[in-house]
Amino acid sequence: MKRNSLPFCCVSLWLVFTAVILRGVESAQGKYAQMLFSELFGDYSNALRPVEDTDKALNVTLQITLSQIKDMDERNQILTAYLWIRQSWYDAYLKWDKDEYDGLDSIRIPSNLVWRPDIVLYNKADDDFSEPVNTNVVLRYDGKITWDAPAITKSSCVVDVSYFPFDDQQCNLTFGSWTYNGNQVDIINALDSGDLSDFIEDVEWEIHGMPAVKNVITYGCCSEPYPDITFTLILKRRSSFYIFNLLLPCVLISFLAPLGFYLPADSGEKVSLGVTVLLALTVFQLMVAESMPPSENVPLIGKYYIATMTMITASTALTIIIMNIHHCGTEAQPVPQWARVVILDYMSKIFFVYDVGENCTSPQRVKAQEHKLRKDFKYQKKQDRHEGVTSQLSRNRNNDSDLKKKLNGHLNNSNGIQCENAKDAVNCCSCYKVLIKNIEYIANCVRDHKANRAKGIEWKKVAKVMDRFFMWIFFIMVFFMSFLIIGKAI
């Protein structure tokens, strides 16, 4: 038991001894840090630029780390970003010999105790003009000061929505001194671009780079140069959300417009379908307009909406015209000859439009029926007049011969009743004539009804062929516009 407990006691004594030494070192460093702070800031002023020669410029190294994109307000053209800003410079009055202070090479003190460069965001778009965050700075023995401060910035960004939602944006973040010119404070890039190693991925935007460029500008108010560093944030929008919520519903709705021509004219819903589709697209157009800035550049999806709405308006107007053609009654003129040749003969076969009982395997029978209808309609009045006169003359001859026979028979049989039989025969002949006229009138009405019905059937077939023609035309237009906007996205 004594041999087993001996190593455990040694380890415990070593840990206690190490803790006492570390506490003593920390106490010694704290003591030297307090002494160093008192000696450095006894007669130090943070109001003046810390240089020994005032004719020399103080170099400030700037590094920007992008942590997160919080918001991109396209309508107000404001980019909200979460940044880590690192500034470092050398203070000529804050140096010490680290050997005199037990090897103490750096201390951390509040940033408001030392001089700080007044580097601000030039294109700031925030109403809050508060001071920077008073985080601690790291002060080294050679006078180098490093100041890391987080900041949520709102900067103005010129947003180009011409290719929304497949657009790329470039937003500038320009940093520079507000009061010191280039002869007093010079800004140096720490890196060739912004640091994106700690960037949190955004759900709407992809980061394709953040190059940094130093500019030296001479303003009209002053003759001295003013340097600044501009970080260009290259963004690409993730378009999946807008494709599934704005673009795809519009494409599906636009395919309903050509189907309105396929809807039967007697259903009474052709115009209602077009108006409903137009109203649905208007709602989507208003949703896009609310999120876009008011500018002359119309977004790509807005152009697609306008083109689709124009197409649906045209289809609704053509539907109204075709419905008027479909409902042409007996008072309408016959179908013109060119329409019969172009529409009824050729286009009906191209678009497979047939009457009830017709099919593509019986073109000769269809042609014979159409020829018969045209012939009957063209010569109906002439034939009616000719047939009426011929039938009347033949009936009159037959009636006269019958009348003569009856009269001769009556004369041979009896002379006493000749006058009475003759009067009855004349009355019977007049009744036959009235009956013949009534029959001819009924036959003419039936022929007129058939001719008018044939004329209405022709106009309905013309309307049906035009429906099929415009249906395919508008289908092609919808496909073309859809492929065009997809090509812009690629």
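This tour visits a disulfide, a further cysteine and a charged surface patch in a predicted model.

Local features here require pLDDT of at least 70 and side-chain atom pairs count only at pLDDT 80 or more, whereas totals for chains, interfaces and linings use all residues. Residues are numbered from 1 along each chain as its sequence is written, and side-chain values use heavy atoms, with hydrogens and water left out.

Select Cys157 and Cys171 to begin. Their sulfur atoms form a disulfide, S to S 2.0 Å (a pair of cysteine sulfur atoms within 2.5 Å), and a search of the whole structure finds one such link. The angle about the S-S bond is -75 degrees, which makes the link left-handed.

Cys157 is buried at 2% relative accessibility, and Cys171 is buried at 0% (buried means under 20% relative accessible area, exposed over 50%, partly exposed in between, with a 1.4 Å probe and protein chains only). Select Cys250 next: this residue is also buried, at 0%.

Finally, select Glu39, Asp97, Asp99 and Glu100, which form a negative surface patch (residues with over 30% relative accessible area and no salt bridge, like charges being joined within 9 Å; a salt bridge is a side-chain nitrogen of Lys or Arg within 4 Å of a carboxyl oxygen of Asp or Glu). Glu100 is exposed, with a relative accessible area of 56%.

How values were computed. Patches are made of residues with over 30% relative accessible area and no salt bridge: like charges are joined within 9 Å, nonpolar side chains (Val, Leu, Ile, Met, Phe, Trp, Tyr) within 5 Å. Accessible areas come from the Shrake-Rupley method with a 1.4 Å probe; for residues, only the protein chains shown count as cover. Lys and Arg count as positive and Asp and Glu as negative; His and the chain ends are not counted. The place of a charge is taken as NZ of Lys, CZ of Arg, CG of Asp or CD of Glu.
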